[in-house]
Amino acid sequence: MTSTSSSAVTVDVRLRAEEWETELATECVSGLLATPKVLSPVWFYDTEGSQLFDEITRLPEYYPTRAERDLLEAHAVDIVSLTRPTTLVELGSGTSDKTRWLLDAMAATSDRIRYVPFDVSEQTVRDAAAELIRDYEGLQVDAVVGDFHRHLGAIPPGDRRLVCFLGGTIGNLDPSQRSAFLRDVRSITGPGDAVLIGLDLVKDVDTLVRAYDDASGLTAAFNRNALSNLNRRFGADFDPDAFEHLALWNSEEQWIEMHLVSRTDQTVTVDALGITVDFRSYERMRTEISAKFSPGQLSAELSDAGFDILETWTQEPGFRLVLAEPAAAR
Ligand code: SAH
Ligand code: TRP
């Protein structure tokens with residue numbers, strides 16, 4: 001099948017793969033040599049890791065993806081009629097799966113719609129764009145490959161843009177990154193624009209922990225795959241089985257943290273980075289945080305960043321969509 005003549009894709013690469021990898025290598029060295037050790041969550045998402053994550057989203061224990069999909073299915077039409085966007089911008093767009101509910105609602109009211117996926121992974125963005133223009137006649141895709149902490153200025157101007165940030169990815173930012181991020185989003189939006197954010201709510205600890213430590217061990221495999229990825233990329237000699245997966249609720253910070261825990265005293269060499277790293281038995285290395293929000297919390301943070309809340313929708317067992325507009329738009 002050929003795509004229709006009016007569909008088109010442009011890709012604005014603000015962050016070249018080589019440049020990004022150099023930055024990541026530097027961050028990897030400092031994280032492995034720090035006390036306590038930390039590893040960036042970006043190492044989760046190589047080809048194998050992305051496949052594992054896709055399987056995680058279908059686990060009975062992992063409710064966020066299902067809950068968000070249900071919310072978008074039920075309310076995309078409301079979201080679009082409240083905001084009447086001509087452009088849908090998606091930060092950390094990944095495979096753009098759930099986005100289709102929003103695109104469907106937009107396509108039902110307009111025959112000229114534009115989608116701006118924004119992700120660090122160029123291949124992911126290109127694959128998603130290719131699939132979308134096959135399925136949406138007349139869709140214009142203007143993708144941005146960049147870091148949403150630095151390159152939001154690359155988002156093309158427009159008069160009615162709906163900027164969405166789904167998957168609870170906002171929870172993967174630490175509080176200071178999160179407030180800077182919300183202010184950055186505010187600074188690139190104006191009258192007529194809106195933002196839609198998906199976030200996971202605080203709930204009973206059991207439900208939270210099981211979402212990140214499922215019975216089948218898939219999440220454990222996903223976490224350990226970060227080590228296999230470092231072996232492949234940098235010629236490291238991690239034995240992934242020598243590390244245990246740990247997901248715990250940090251009640252002070254109100255976030256789930258993922259760790260890899262060394263089962264023994266061991267030494268790992270990372271050839272291409274020229275470092276040797278000692279692990280003590282039981283030593284933890286943090287790989288991800290996933291913040292959970294109390295009911296009014298993100299709305300308050302959005303207000304502080306200069307947004308007015310338009311609407312919120314909540315789905316069991318506690319996942320929420322918040323729709324807001326720049327305060328000056330009123
Ligand atoms: N929104 C999708 C994907 C969530 S996974 C969903 O809900 O299923 C998080 C996505 O954010 C990944 O595709 C990852 O590549 C992207 N990402 C992570 N950090 C990023 C950053 N700093 N800048 C841009 N994209 C980022
Ligand atoms: N953004 C997802 C979340 O915080 C990422 C994720 C899901 C994840 N399961 C995981 C990260 C397990 C590390 C380990 O919900």
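Leaving aside its neighbours within four places in sequence, which residues is Lys292 in contact with? The answer is in View 1.

This is a predicted model, where local features need pLDDT of at least 70, side-chain atom pairs count only at pLDDT 80 or more, and totals for chains, interfaces and linings use all residues. Residues are numbered from 1 along each chain as its sequence is written, chains are lettered from A and ligands numbered from 1 in the order in which they are written, and side-chain values use heavy atoms, with hydrogens and water left out.

**View 1. Lys292 sits in the loop between strand E12 (284–291) and helix H9 (297–304).** Helices (H or I, at least four residues) and strands (E, at least two) are DSSP runs, numbered from the N terminus. Setting aside neighbours within four places in sequence, Lys292 is in contact with Asp200, Leu201, Val202, Leu208, Tyr212, Trp249, Gln254, Trp255, Ile256 and Gln297 (contact means heavy atoms within 4.5 Å). Lys292 counts as buried because its relative accessibility is 2%; buried means under 20% relative accessible area, exposed over 50%, partly exposed in between (1.4 Å probe, protein chains only). Its side chain also makes polar contacts with the side chains of Tyr212 (2.8 Å) and Ser290 (3.1 Å). A polar contact is a pair of N or O atoms within 3.5 Å; within protein, one must be able to donate a hydrogen and the other to accept it, and residues adjacent in sequence count only if both atoms are side-chain atoms.

View 2. A polar side-chain atom of Tyr212 lies 2.5 Å from an oxygen atom of the ligand. For Ser290, an N or O atom of the side chain is 2.6 Å from a ligand 2 oxygen. Taken alone, ligand 2 exposes 360 Å², and the protein buries 97% of that (areas come from the Shrake-Rupley method with a 1.4 Å probe; for residues, only the protein chains shown count as cover).

**View 3. Four strands form an open sheet in the order E2-E12-E9-E8, with mixed pairing.** Two strands pair if DSSP finds at least two bridges between them. At the edges are E2 (37–38) and E8 (243–250), each pairing on one side only. E8 and E9 (residues 255–262) run antiparallel, joined by eight bridges.
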